[in-house]
Amino acid sequence: MTRPDLAQKRADLKLQIREAAIKEFAEHGLAGTSTQGIADRAGITKNKLHYHIESKEELYQQALDHVMTIWAEMFSGIDLNQGPEIFLADYIARKIRFSLTHPAEVKMFTGEVMRGAPFLREHWAGSRDVTHAAAAQIQKWVADGSIRPVDPMLLQFNIWAVTEAYAVLGPELRFMLDLDESAALDEDAICAEVTALVVRGLRPDRETARAQR
């Protein structure tokens with residue numbers, strides 16, 4: 001086997017381990033997860049797992065970093081010049097589709113937050129910078145009358161809460177819809193419903209629009 005093949009094999013195994021760890025952390029949290037459980041889910045021996053990781057805490061931190069990086073990158077590639085409605089529709093769709101296709105990642109992250117976020121706090125400074133930058137853009141839309149006056153920080157938290165709920169509450173939604181536990185949810189319908197809820201709620205009323213002209 002050539003060196004490039006070996007490197008690819010190691011990379012594939014690390015990805016396999018991370019995916020297995022995320023599912024274990026999502027189900028059991030850090031305290032309830034064992035390296036034996038991660039190894040079993042990854043389909044490798046515990047000894048082989050420990051050859052590639054230092055500790056489950058390190059693996060947990062890497063998994064959280066992975067999710068935070070994905071969410072930060074969701075802002076990239078969306079043209080702010082197209083206005084708030086197009087931006088928000090695109091962003092909401094990205095968040096919902098991620099929640100539906102990667103529920104374990106979202107559950108792991110929200111579980112960490114619910115436990116007081118001891119492993120996230122050291123990374124929240126960078127996340128806060130991104131959140132404040134988004135808040136500044138939202139405030140610009142308020143100032144130019146594109147959207148109604150709104151708290152830019154709370155708006156972001158409300159969007160996160162709604163979009164991430166589809167990962168956390170997915171099993172309940174399937175039950176209420178009389179769907180099989182493994183049934184796929186209608187991504188397009190969910191995206192359209194949440195987008196309409198947010199975008200229509202942000203449109204300025206006529207009196208406010210006239211006053212800002």
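Analyst: Buried means under 20% relative accessible area, with exposed over 50% and partly exposed in between (1.4 Å probe, protein chains only). This is a predicted model, so local features need pLDDT of at least 70 and side-chain atom pairs pLDDT 80 or more, while totals for chains, interfaces and linings use all residues. Residues are numbered from 1 along each chain as its sequence is written, and side-chain values use heavy atoms, leaving out hydrogens and water.

User: What makes Phe 25 and Tyr 60 an aromatic pair, and what kind is it?

Analyst: Rings of Phe, Tyr and Trp (its six-membered ring) pair if their centres lie within 6.5 Å; planes under 30 degrees apart are stacked, over 60 edge-to-face, the rest tilted. Phe 25 and Tyr 60 sit 4.8 Å apart centre to centre with 80° between the planes, so they pair and count as edge-to-face. Both residues are buried, too.

User: Why does that pair tie together separate parts of the chain?

Analyst: Phe 25 lies in helix 1 (residues 3–32) and Tyr 60 in helix 4 (residues 56–73), so the pair joins parts 35 residues apart in sequence. Helices here are DSSP runs of H or I, at least four residues, and strands are runs of E, at least two, numbered from the N terminus. Ring pairs also link Phe 25, Tyr 60 and Phe 119 into a cluster.

User: How do you know what kind of pair Trp 71 and Phe 98 form?

Analyst: Their ring centres are 6.2 Å apart, within the pairing limit, and the 75° between planes makes the pair edge-to-face. Trp 71 is in helix 4 and Phe 98 in helix 5 (residues 84–101), so this one ties together parts 27 residues apart. Both Trp 71 and Phe 98 are buried. In total, the structure holds seven aromatic pairs.

User: What sits over the ring of Trp 71?

Analyst: That's the charged end of Lys 95, 4.0 Å from the ring centre. The rule wants NZ of Lys or CZ of Arg within 6 Å of the centre and within 35 degrees of the ring normal.

User: How much of the chain is buried, and what is its secondary structure?

Analyst: Of the 213 residues, 38% count as buried, and the chain has 11 helices and zero strands.
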